[in-house]
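Please look over the sequence and structure before reading on.

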Amino acid sequence: FNLQLWNNYFHLAVAFITQDSLQLENFSHAKYNKIQNKYGDMRRLIGFAIRDMWYKLGQNKICFIPGMVGPILEMTLIPEVELRKATIPIFFDMMLCEYQRTGEFRKFENEIILKLDHEVEGGRGDEHYMQLFESILTECAKQHPGICSLVESFVSLVKGLLERLLDYRAVMSDESTDNRMSCTVNLL
């Protein structure tokens, strides 16, 4: 097992699918359709490959926690529904992996909270992501009773944080100082 090789693979793949020139939702409708018809959405293909390779790591997954949490989060925040549905379960697998090793998933939790703040501030994330995140992780947790309550608490925490971050991002352009201050207080 060559840790550096796998690390390079994951970082390169995430860098590929998050590059600006592949963010189809930013293009005009005509350009979007033309690219979609000619090439398809390459982000989805690479995202599925990342997911498949993640599950092939076996016991070596622990080597990538918390280091790959940020890149995987960045990938799951791409506004492409099938990509999100395919890759959000990686988070549960990371939690389960750390839980099986240490009895908790504190490193994962701390890293995702830190990275989520950065990503939402950068303009990523939306209400739909929050709903998918909650439903997918809750569904995964139901299959593992030993970790279910911990995952549900974590999901509730992240959902609350994401709601406040999205509210904060929305009011930053608001001219009302009171609204901005209220959102800042809620976020803190």
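## Largest pocket

A pocket is an open set of grid points where a 1.4 Å probe fits, with protein on both sides within 12 Å along at least five of seven lines. The model examined here is predicted. Its largest pocket has a volume of about 220 Å³. The lining comprises 14 residues, and those closest to the centre of the pocket are Gln23, Glu25, Ile78, Pro79 and Arg124.

By class, the lining of the largest pocket holds six charged, five polar and three nonpolar residues.

## Packing of helix 6 and helix 9

Two packed helices are described by the angle between their axes and the distance between the axes. For helix 6 (residues 89-102) and helix 9 (residues 145-171), the angle is about 125 degrees and the axes lie 11 Å apart. The crossing of helix 6 past helix 9 is right-handed.

On the helix 6 side, Phe92, Met95, Leu96 and Tyr99 make the contact. Helix 9 contributes Gly146, Ile147, Leu150, Val151 and Phe154. Of the residues in this contact, eight are nonpolar, one is polar and none is charged.

## A cis peptide bond

Which form does the peptide bond from Ile65 to Pro66 take? The bond is cis, with omega near 10 degrees. Pro66 sits in the loop between helix 3 (42-55) and helix 4 (69-76).

Definitions and conventions
Residues are numbered from 1 along each chain as its sequence is written. This is a predicted model: local features need pLDDT of at least 70, side-chain atom pairs count only at pLDDT 80 or more; totals for chains, interfaces and linings use all residues. Side-chain values use heavy atoms; hydrogens and water are left out. On a 1 Å grid over the protein atoms alone, a cavity is a set of points where a 1.4 Å probe fits but cannot get out, and a pocket is an open set with protein on both sides within 12 Å along at least five of seven lines; lining residues have an atom within 4 Å of a point. Grid points are joined across faces, edges and corners, and a volume is the space filled by probe spheres set on the points. Ala, Val, Leu, Ile, Met, Phe, Trp, Tyr, Cys and Pro count as nonpolar, Asp, Glu, Lys and Arg as charged, and the others, Gly among them, as polar. Axes are lines fitted to C-alpha atoms, for helices over the stretch in contact, and angles run from 0 to 180 degrees between N-to-C directions. Helices (H or I, at least four residues) and strands (E, at least two) are DSSP runs, numbered from the N terminus. A crossing is left-handed if the near helix is turned anticlockwise from the far one by less than a right angle, and right-handed if clockwise. Contact means heavy atoms within 4.5 Å.
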